[in-house]
Amino acid sequence: MTEVKMTVNGKAASGNVEGRTLLVQFLRENLNLTGTHVGCDTSQCGACVVHVNGEAVKSCTMLAVEANGAEVATIEGQAAPDGTLNTIQQAFQDHHGLQCGFCTPGMVMSAAALLKDNPKPTEADVRHYLDGNICRCTGYHNIVKAIMAASGQDVGTIAAE
Amino acid sequence: MYNFDVEMPTTIAEAVKALGREEAQPMSGGQTLIPTLKARLAAPSVLVSLHGIAEMKGVCNNDAGQLCIGGATTHATVAAEVGTQYPALASLAARIGDPAVRNRGTIGGSVANNDPSACYPAGVLASGATVVTNNREIAADDYFLGMFETALEEGEIVTEVRFPIPEAAHYEKHLQPASRFPLVAVFVAKFADGVRVAVTGASENGVFRWTEAEEALNANFNAEAVAGLKADGSAMISDLHGTGAYRAHLTGVMTKRAVAAITG
């Protein structure tokens, strides 16, 4: 076992892990941050997307020891401490950007990474960026609409709900 | 996945030393290797992560004007940083996998793995790039030996890839939409001394140069010059996504489109 230390959602976190422990396992099983989901476990679906040092990564395809010393952000750190949703989360609620909700943590984290680099994406930019985030409920339209709305753009012309 | 020790070297020398341990396996971004370990298709005792080696990261130019990309440089960095110098290579990097995969996966990992459907081998071979390891320099023409086979020796790692910059180039990729790998993709690079055409995703022997297309394009650099050419389908991959004949056909179509994109 190896001790790893990292900052998760602004707080110091540490634990003992095996070499094979995935970052998502460490988050879920050691830190009880179960908002980050394991969908496919093969880096296809994106339900496990978190930010490591500000970059979106699939936490099912990174070892916990590789995140030693890193700044990690997960879905649990997105809302304000009093529970107020952040802009992206609120837009997902307003535009019905989720149904079952399983993919949503990854969608929100990917959206946050996109808007950090590209604050006013086109609809095509959003759709392209979500290549690695699979949703089996919504057909994506309302997710795209939510992300466009979160970027402060008019969403009236995007496909109807 | 079976358990293993993880070594986290910070220099190439430390990595080479760690790879001397029994059943050691280097890992760069891990975007192919971690799924492989999960499937128990590999079971090393020691995993040597190359991610923390600063001297293997980043993009620069050497005195010969070549573009030098460190082996541990991510696809996202290549996509963001080489666009001005070598747009076709930046475009290739920007279309690998998805954004999260591009933030971890590296050029060195892709070139060392030599997946028969990977994007980078086509870019490296078509560019006539040089693969630099911890102890030698290998020309791309001598480096790719077959499906998942390269000239790398046990414990040897790709520290850098050096690209001569062509006059014009284009990477045309027909996506296999579930995996994001190319079903067939073609990289055409036009240099002052000739055209190089590399094909990935098609052959059972991995990436290859399509010499008939190169000859035709050297005589006449125009999409029509390759319109009548048929790639040899006998050693093409046949799987549930497409037959060998289909991949041979796509090879021609992708080549024609790549040339048309260059000539406008």
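In what order do the strands of the open sheet of 5 strands in chain B lie? Select them in chain B and read across: β4-β5-β10-β6-β7, with antiparallel pairing. Strands here are DSSP runs of E of at least two residues, helices are runs of H or I of at least four, and both are numbered from the N terminus. Two strands pair if DSSP finds at least two bridges between them. The model is predicted, so local features need pLDDT of at least 70 and side-chain atom pairs count only at pLDDT 80 or more, while totals for chains, interfaces and linings use all residues. Residues are numbered from 1 along each chain as its sequence is written, and chains are lettered from A and ligands numbered from 1 in the order in which they are written.

Opposite Thr133(B) you will find Val158(B) in β10(B). Strands of a sheet pair through backbone hydrogen bonds, either parallel or antiparallel.

Next, show both chains. The contact takes 21 residues from chain A and 22 residues from chain B; two residues are in contact if their C-beta atoms, placed from the backbone, lie within 7 Å. On the side of chain A that touches chain B, strand β4 (residues 55–58) of chain A gives the most, with 4 residues. That side of chain A has 8 nonpolar, 6 polar and 7 charged residues. For these classes, Ala, Val, Leu, Ile, Met, Phe, Trp, Tyr, Cys and Pro count as nonpolar, Asp, Glu, Lys and Arg as charged, and the others, Gly among them, as polar.

Select helices α2 (residues 87–94) and α5 (residues 141–150) of chain A. They pack at an angle of about 135°, with their axes 8 Å apart. Axes are lines fitted to C-alpha atoms, for helices over the stretch in contact, and angles run from 0 to 180 degrees between N-to-C directions. α2(A) and α5(A) are therefore oblique to each other: angles under 35 degrees count as roughly parallel, over 145 as roughly antiparallel, 65 to 115 as roughly perpendicular and the rest as oblique. Show Thr87(A), Ile88(A), Ala91(A), Phe92(A) and Asp94(A) in α2(A); they meet Ala146(A), Ala149(A) and Ala150(A) in α5(A). This contact has 6 nonpolar, 1 polar and 1 charged residues.

Ile88(A), Gln89(A) and Phe92(A) in α2(A) meet Thr104(A), Val108(A), Ala111(A) and Ala112(A) in α3(A).

Finish in the loops of chain A. Most residues other than glycine have a negative phi. Asn9(A), in the loop between β1 (2–8) and β2 (11–17) of chain A, has a positive phi near 50°. Ser43(A), in the loop between α1 (23–30) and β3 (49–52) of chain A, has a positive phi near 60°.

Is each buried or exposed? Asn9(A) counts as partly exposed, with 16 C-beta neighbours inside 10 Å. Ser43(A) is buried, having 26 other C-beta atoms within 10 Å. A residue is buried if 20 or more other C-beta atoms lie within 10 Å of its own, exposed if 12 or fewer, and partly exposed in between, with C-beta atoms placed from the backbone.
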